[in-house]
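The exercises below are to be worked with the sequence and the model side by side. Each one sets a task and then gives a solution in steps.

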Amino acid sequence: MILQDKKNEILKKFVDICNELNIWYSMDEKSLLLLFSNKDFINNLDCHTVMMTLDGYETLKANYSNNVLDNINNSEYRALQCKFVENNFDIYSDQPFININLLIPTKIDKLHKVINFKNRYLSSLNNILSYKDTNILSIKTKLFFNKLLKRHFSLLTFKSLYNEIYDEHFEGYIVTKNIINKTLYSKWIPNLSFKTLEKDLNDLPLKIIYEYETYLKNMYGENYPSYIVKESNIRHINPIELWDISKINNSKPTTKEDTKEILVSKEIKEDINSQE
């Protein structure tokens with residue numbers, strides 16, 4: 001699919017823009033791990049992930065508004081995860097994207113209060129409500145029930161979450177993720193200098209936080225270079241939706257209509273075979 005084949009191309013575009021506008025960023029999560037891993041697992045990633053400050057993100061958004069997707073600038077999109085995309089007009093098309101996590105100064109006590117049942121539930125509910133369809137039964141079931149419940153719950157925007165976490169008398173920084181849960185604690189950085197190092201990926205110089213080693217150990221363990229990122233059949237077919245590609249007849253649809261046609265065709269064949 002285009003989104004997987006061109007993930008390095010859109011990363012280069014993002015990096016060039018950040019360099020042009022002097023925006024601070026660092027690679028994050030598995031994209032950061034990839035730069036130090038004993039194994040090349042880039043084909044197991046649907047997209048790259050970066051971290052930015054809110055000021056940097058707002059600068060990016062102001063200058064390249066068509067390339068930024070969040071749950072404030074697009075009413076179809078409800079998830080907390082900010083994204084950099086080729087275009088934010090057709091977010092359900094097969095296009096490459098980058099996940100953007102925000103770096104927020106805060107205190108541990110305040111973080112404890114934010115990771116509460118309400119926020120955990122709202123982040124999960126709104127993430128699923130961004131879907132139009134999927135062939136993954138567990139997500140499909142949640143989508144059905146969440147649509148029934150959504151009128152009882154307000155939208156949790158990335159900006160309101162930022163304001164809830166932020167503390168000017170901070171003890172450290174937390175790096176956000178798409179869902180609020182206890183794994184957020186692994187992304188705590190007590191001492192951040194904002195110094196960056198450079199590491200190349202396919203001859204593309206990328207910036208990484210100076211404190212990368214402690215950060216990676218928190219997320220992936222002491223022996224993080226040997227951490228295994230497994231291949232999975234659960235993949236993005238667009239910046240929003242995950243599908244089980246093993247159930248799509250080994251084809252890679254380029255549009256949602258193609259996907260549905262393939263799935264329907266496979267289901268009809270299975271029904272016929274079961275009756276023989």
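**Exercise 1. The largest cavity**

How much space lies in the largest cavity? Then describe its lining by residue, element and class.

*Solution.* The coordinates are a predicted model, in which local features need pLDDT of at least 70 and side-chain atom pairs count only at pLDDT 80 or more, while totals for chains, interfaces and linings use all residues. Residues are numbered from 1 along each chain as its sequence is written, and side-chain values use heavy atoms, with hydrogens and water left out.

Step 1. A cavity is a set of points, on a 1 Å grid over the protein atoms alone, where a 1.4 Å probe fits but cannot get out, and its lining residues have an atom within 4 Å of a point. Grid points are joined across faces, edges and corners, and the volume is the space filled by probe spheres set on the points. The largest cavity holds about 90 Å³ of space, and the structure has three cavities of 30 Å³ or more.

Step 2. Among the residues lining the largest cavity are Ile-100, Asn-101, Leu-102, Ile-104, Phe-158, Leu-161 and Tyr-162. Helices (H or I, at least four residues) and strands (E, at least two) are DSSP runs numbered from the N terminus; E5 and H8 each supply at least two lining residues, and E5 gives the most, with four.

Step 3. For the classes, Ala, Val, Leu, Ile, Met, Phe, Trp, Tyr, Cys and Pro count as nonpolar, Asp, Glu, Lys and Arg as charged, and the others, Gly among them, as polar. On this basis the lining of the largest cavity has eight nonpolar, three polar and one charged residues.

**Exercise 2. The largest pocket**

State the volume of the largest pocket, and then identify the residues closest to its centre and the elements that line it.

*Solution.* Step 1. A pocket is an open set of grid points with protein on both sides within 12 Å along at least five of seven lines. About 1100 Å³ of space lies in the largest pocket.

Step 1. The lining of the largest pocket comprises 41 residues, of which Glu-29, Lys-30, Asn-99, Asn-178 and His-236 are the closest to its centre. Two or more lining residues come from each of helix H3 (29-34), strand E5 (97-106), helix H6 (117-129), H7, helix H9 (212-220) and strand E10 (234-236).

Step 2. By class, the lining of the largest pocket divides into 17 nonpolar, 15 polar and nine charged residues.

**Exercise 3. Positive phi**

Where do Asn-22 and Asn-202 lie, and what are their phi angles?

*Solution.* Step 1. Most residues other than glycine have a negative phi.

Step 1. Asn-22, which is not a glycine, has a positive phi of about 60 degrees; Asn-22 is placed in the loop between H2 and E1 and is exposed, with a relative accessible area of 72%.

Step 2. Asn-202, also not a glycine, has a positive phi of about 50 degrees. Asn-202 is found in the loop between strand E8 (196-201) and strand E9 (204-209) and counts as exposed at 60% relative accessibility.

Notes:
Buried means under 20% relative accessible area, exposed over 50%, partly exposed in between (1.4 Å probe, protein chains only).
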